[in-house]
Amino acid sequence: MRASLVAALALVIATPSLAQQQMGDPSYRPVIEQPAYRNDGPMIQLDAAHGSVQTIDGRYAGFAALVQADGYRIRVGEQPLDQAGALDGVDILVISNAVAPRDGSSPDAFTAPEIAALDAWVRAGGSLLLAVDHAPYGSANESLGRALGVTMGKGYAFVVSEQGRPVTNADFPAEALGDHPVIVGRDAAERVGRVRTFTGQSLQGPDGAVVLLAMPQGAGEAPDLPTLQMIHQRLDAGEDLATVLAALSSPALPAQGLAFTHGAGRVVVLGEAGMLTAQMVRFDDGREPFRFGLHTTGHDDQQFALNILHWLSRVEGMQ
């Protein structure tokens, strides 16, 4: 599973012309027996003003379906965050893989006034879910992270498999999950026992932040995809693992998921965005579509996503 996932995602990222389409999987139909809200739940706004490909009718369609099944309302936000009224009526702001302006006018996805406005909104009691993937997204969101006290690894985080190979999708078993309502849930049925991520970066939080997903000992981070590919090429050539990693990577930061308060508000930062989606990759060469995200097996990512939203929206029992 892991090797095939790395290969598939690397193919899509490095040579998109070979992949027919990376898209939300329309077969994902989440069913929640006991939704947190029966109707007219809190408003979630998915940022659509900063160039993200994670759109409500595309790669984040699965996320939209999940939150609506749990009773939340969801809408897109197309205004700059410092514009009057941009966050009116919003209970949870979701930002996923915002990108820097394509004209090269700035390395940052958000302007200084937007960051100041968002910081003030959260401090006043707003809730933010920020998902920032592998390079180049960390660099584009670094200034926003800094305002929240979060350091971003900005590269491709990896763990070392039993076969001595860096793999960029990580399993976080129970012992790697923090002691926090996002993990514990409201009762035993909602407790998260395993989370899987699908290629992202590592993180370090501000003082007082709870590590939701703890990177394991020996985890590293390559600065970009070509370097990650070079690591594999040198290992294929028989070079020593420790030598290659020392030359081409750095130790990963401690986390891939964080939760903390910011003033009167609440923040969850994830170093990987695919765990909130249900995606598929269709290939030109006739292979079966490759699926990753909420609708794959062997993990509790769906409950993890729901628990994040329950904590951010202050559902009773998630205080």
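The legends below describe close-up views of one predicted model.

Residues are numbered from 1 along each chain as its sequence is written, and side-chain values use heavy atoms, with hydrogens and water left out. Because the model is predicted, local features need pLDDT of at least 70 and side-chain atom pairs count only at pLDDT 80 or more, while totals for chains, interfaces and linings use all residues.

**View 1**
Helix H2 spans residues 61–69. Helices (H or I, at least four residues) and strands (E, at least two) are DSSP runs, numbered from the N terminus. Gly 62, Phe 63, Ala 64, Leu 66 and Val 67 of H2 are buried; buried means under 20% relative accessible area, exposed over 50%, and partly exposed in between (1.4 Å probe, protein chains only). An α-helix has 3.6 residues a turn, so residues three or four places apart point the same way. After H2 comes Gly 71, with a positive phi near 95 degrees.

The structure holds four aromatic pairs. The rings of Tyr 37 and Tyr 72 have centres 5.1 Å apart and planes at 70 degrees, so this pair is edge-to-face. Rings of Phe, Tyr and Trp (its six-membered ring) pair if their centres lie within 6.5 Å; planes under 30 degrees apart count as stacked, over 60 as edge-to-face and the rest as tilted. Tyr 37 lies in the loop between strand S1 (19–24) and S2, and Tyr 72 in the loop between H2 and S3, so the pair ties together parts that are 35 residues apart in sequence. Tyr 37 counts as buried at 19% relative accessibility, and Tyr 72 is buried with a relative accessible area of 3%. The rings of Tyr 60 and Phe 63 have centres 5.4 Å apart and planes at 45 degrees, so that pair is tilted. Tyr 60 is buried, with a relative accessible area of 0%, and Phe 63 counts as buried at 0% relative accessibility. Elsewhere, Phe 198, Phe 290 and Phe 292 form one aromatic cluster.

Asp 70 sits in the loop between H2 and S3. Asp 70 is buried but has no salt bridge, and the nearest side chain of opposite charge, Arg 186, is 5.7 Å away. A salt bridge is a side-chain nitrogen of Lys or Arg within 4 Å of a carboxyl oxygen of Asp or Glu; Lys and Arg count as positive and Asp and Glu as negative, with His and the chain ends not counted. The side chains of Asp 70 and His 310 make a polar contact at 2.6 Å. A polar contact is a pair of N or O atoms within 3.5 Å; within protein, one must be able to donate a hydrogen and the other to accept it, and residues adjacent in sequence count only if both atoms are side-chain atoms. Leaving aside neighbours within four places in sequence, Asp 70 is in contact (heavy atoms within 4.5 Å) with residues including Ile 32, Tyr 37, Leu 306 and His 310.

**View 1. Asp 47 in strand S2.**
Asp 47 belongs to strand S2. Asp 47 is buried without a salt bridge, and Arg 75, the nearest side chain of opposite charge, is 11 Å away. A polar contact of 2.9 Å joins the side chains of Asp 47 and His 50. Not counting residues up to four places away in sequence, Asp 47 touches Gly 77, Leu 81, Val 94 and Ile 95.

**View 5**
Five of the five residues of S4 are buried, so S4 is largely enclosed by the rest of the structure. Ile 92, Val 94 and Ser 96 are buried on one side of S4, and Leu 93 and Ile 95 on the other. S2 and S4 pair in the parallel sense over three bridges; two strands pair if DSSP finds at least two bridges between them. Leu 46 stands opposite Val 94 in S4. S4 and strand S5 (residues 127–131) run parallel and are joined by five bridges, with Leu 129 of S5 as the bridge partner of Val 94.
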